[in-house]
Amino acid sequence: MTKNKTGLSFLGTCYFLITPILFYTLVHVPSLDILPIILSLLVTIFLIKGKFFPMIVFMVFLFISSEKHLSLEGNQISSINTQRNDHQILNLPSFTAKFMHNKFDYLYTVTSHAQKYFSLSTIFSAGSYPNQINHIPLPYLFPWDIFLLIPFLKNARPSLRWLIPLSMMFFAGFLPWSDKTTFYFVIPPLLYLKFGLARQFSLINLKIQYLVYLVSFIYTSYYLWFSSVFIK
Amino acid sequence: MKKLIILLAIILAFLARFWKLDTLPSQLNIDEVAMGYSAYSILLTGSDEWGEFMPLSFASVGDYKTPIPIYLMALSEKIFGLNQFGIRFFPSLFSFLAIFVYFYIAKKYFYKQHEPVNLLLLLLSLSPWAIYFARYGYEVNELLLWFGLYLLVFFKFLTNPRPWQVFSLGILYLISSLTYNPAKLFIPLFSLIVWFHHVFAHKLLGSYLSLLKKPTTIMIIFLLLFLFFPFVTVHLFGEGAMRARSVFISNDYEYARVFKERLSILPLFQINSIFILVSFWWQRLLEYFSPNFYLFTGLLLTSPEQFGVGVGNLAEYILFLIGLISLLRQDEKKDTIISKKIILLCWFIIGLIPASLANNPQQPLRSLISYPAYIFICFEGLLYLFGKSRSHLLCLPLLFLYVFGLFKSTDYYLVHFPVQLYESKHYGWLDMAKFVNDHAKEYDRVIVDPRFGRAGPYIVGVPHLYFLYQSKYDPAQYQSQIATQSGKTNFDNIYFENINWFSDDHSQNVLYIGSPWSFPLKNILPEQIIYSVKYLDGYQGLLAVTNRIK
């Protein structure tokens with residue numbers, strides 16, 4: 001089995017192409033498919049060519065999508081007020097309430113959103129889209145991809161380029177959860193990850209590759225059948 | 001400096017676990033009060049409250065509790081009496097002692113002398129995950145110590161296998177399983193995986209087979225089988241397994257009511273159900289790796305819609321991620337007998353498996369056995385940073401974040417937890433029980449509604465246990481009274497049943513205990529409400545209402 005320049009074997013490429021997340025967009029909102037493709041291209045150009053302009057365009061997209069969500073929302077303010085009030089109920093000095101509960105709690109919201117998009121649970125087990133209808137626990141990538149994650153992390157060389165998908169994950173936290181547009185910002189870093197995992201897949205024993213590919217193919221077919229029944 | 005850190009860790013660990021143990025948390029929760037009264041009953045009569053003599057599995061409130069923590073609790077109640085300190089003493093003590101066992105393991109098997117292992121002791125001592133549960137009378141705290149001792153013997157067994165170690169491991173497994181149910185699955189799974197890795201990595205199968213051929217080993221195995229017989233019959237297949245069956249993931253609301261219902265429209269229902277159940281379990285397992293569990297929601301100290309705290313804090317979590325990657329990238333020498341990498345990863349992941357197989361997502365209590373491994377991995381992260389030049393640039397902000405995280409956890413524990421979760425932890429029942437026990441004789445009957453909750457009758461408690469505990473009711477008398485009732489828990493003139501104000505017989509002088517919605521408050525005069533328990537946020541929780549005005 002020969003490998004191309006990127007280190008992806010033929011079977012590895014096939015493995016990449018049957019990833020559930022690629023079918024997700026096709027099944028659900030075909031009219032919006034163009035957006036994740038553009039976003040993915042922008043990130044890919046940055047990662048391969050090292051040009052910053054595509055990333056700036058990406059960030060502009062992200063900023064526009066985030067709309068009003070770059071500041072505290074009503075429920076967050078309410079949560080902070082309730083918790084300050086808890087201090088008052090126990091007659092504690094007001095500075096403790098202000099020190100403990102303030103706008104820094106927004107960071108928690110951001111991280112909390114980001115982890116909803118990119119936690120292991122979402123990626124490898126239950127990233128159902130659109131998430132407000134929690135149909136059935138189906139993932140973005142294959143459940144067994146997680147076992148490729150360990151050698152992937154082990155072999156990965158620390159690089160500044162890693163900061164980009166990582167920061168994208170973080171910035172996605174500014175976006176409203178369960179928004180259709182948000183979903184497309186989730187796709188590029190996941191494809192980047194899947195690409196790395198597919199490269200890792202190319203390195204394993206060929207017989208196992210065939211076996212995993214077969215299982216993955218069946219899984220995706222089953223998955224699509226499920227999706228066609230439940231997701232209208 | 002090293003000794004100072006150890007001394008500081010000991011003092012902090014002790015204070016975090018024992019300071020105001022009798023009043024913080026302010027009242028006993030449902031599990032504590034159930035175990036506390038079962039232990040009291042054992043202490044005075046040798047039987048549990050249902051009249052079962054020296055049970056191997058305590059029926060309690062129908063959840064069949066493990067026996068060792070209750071027998072230990074009986075011992076502490078003998079010393080300290082039936083009170084909050086007596087109930088919480090052994091779990092807190094075991095949690096405290098476990099820290100030093102893990103510290104010893106780290107020093108002896110995982111780290112070299114020049115490495116700052118004392119900081120690990122400090123991290124273990126101050127982990128919010130451990131402290132929160134150590135202050136409740138939960139069984140899992142005792143498991144932490146038993147498992148630490150099990151590890152010590154297990155590591156000796158891996159380095160130099162002897163027949164007596166097989167016996168010790170068997171006994172420690174038995175004790176652990178009779179202490180906390182998830183140990184039944186966790187310990188064999190962990191041991192087998194680590195042992196298989198050890199045997200095949202070092203090609204030691206022959207030496208273990210030769211150990212098996214020794215007459216002493218065969219005798220020990222037979223002896224263990226004999227000792228395990230009651231355990232297997234009662235705890236793996238009998239009533240002791242009922243708890244596991246009732247909380248198994250297939251009974252989870254989301255799976256049983258939502259997913260299975262949806263699947264019913266599809267052909268091949270059985271196959272689809274199994275597929276979805278496995279997928280659902282996989283989701284539940286991976287949810288334990290989500291940052292929110294460690295940073296915002298893990299400890300469940302606030303209402304669901306509020307900001308909260310996790311089982312760790314931001315500094316710990318950053319160290320955990322660095323430690324995890326550092327651990328994965330470590331290449332151990334071929335002659336390393338105790339593989340730190342395999343052991344820590346297996347310990348952390350397998351410790352989460354029993355919790356993931358149960359209903360409810362992200363359970364910090366059921367997964368507590370993973371906490372030492374989590375802290376070990378954080379410490380790996382710290383070591384990695386120490387090994388880097390300019391590490392102080394990151395260490396100082398991390399120290400700040402760590403201290404701030406501790407303040408944050410303390411704030412949520414001392415302020416928001418009692419205010420926001422007063423009701424869901426069944427607080428208020430003890431106050432009401434005290435009032436009723438003082439006044440019950442003035443009435444023909446006292447009717448206590450076991451349903452409560454400010455939003456409606458959504459929580460069903462076991463108030464009889466609070467009444468029994470509060471009055472230190474004679475267990476022998478209670479056993480004789482409930483023997484004549486089929487499954488009911490009434491005693492003296494106190495009846496535990498739903499209140500039906502309009503259909504009840506008001507010819508008798510009756511005292512009713514219930515929530516505001518249990519009564520037609522418009523038809524009741526203010527003088528009829530003779531006592532009420534207010535929650536900390538001012539909400540009127542439980543009311544004592546009489547049908548007569550004196």
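A residue is called buried here when its relative accessible area is under 20%, exposed when over 50%, and partly exposed in between, using a 1.4 Å probe and the protein chains only. This is a predicted model, in which local features need pLDDT of at least 70 and side-chain atom pairs count only at pLDDT 80 or more, while totals for chains, interfaces and linings use all residues. Residues are numbered from 1 along each chain as its sequence is written, chains are lettered from A and ligands numbered from 1 in the order in which they are written, and side-chain values use heavy atoms, leaving out hydrogens and water.

Start with Ile221(B), which counts as partly exposed because its relative accessibility is 31%. Ile221(B) sits in helix α11 of chain B; helices (H or I, at least four residues) and strands (E, at least two) are DSSP runs numbered from the N terminus. Helix α11(B) gives the largest share of the patch, four residues.

What about the inside? The largest nonpolar core has 220 residues, and Phe190(B) and Trp347(B) have the most contacts inside it. A core of this kind is a set of buried Ala, Val, Leu, Ile, Met, Phe, Trp, Tyr and Cys residues joined through side-chain atoms within 4.5 Å. A second, separate core of nine residues includes Ile447(B), Trp501(B), Tyr512(B) and Val545(B).

Trp501(B) and Tyr512(B) turn up again among the residues touched by Asn547(B), leaving aside those up to four places away in sequence; contact means heavy atoms within 4.5 Å. Asn547(B) follows β7 (540-546) of chain B and is buried, at 13% relative accessible area. The Asn547(B) side chain makes a 3.3 Å polar contact with that of His506(B) and reaches the backbone nitrogen of Val510(B) at 3.0 Å. A polar contact pairs N or O atoms within 3.5 Å; within protein, one must be able to donate a hydrogen and the other to accept it, and residues adjacent in sequence count only if both atoms are side-chain atoms.
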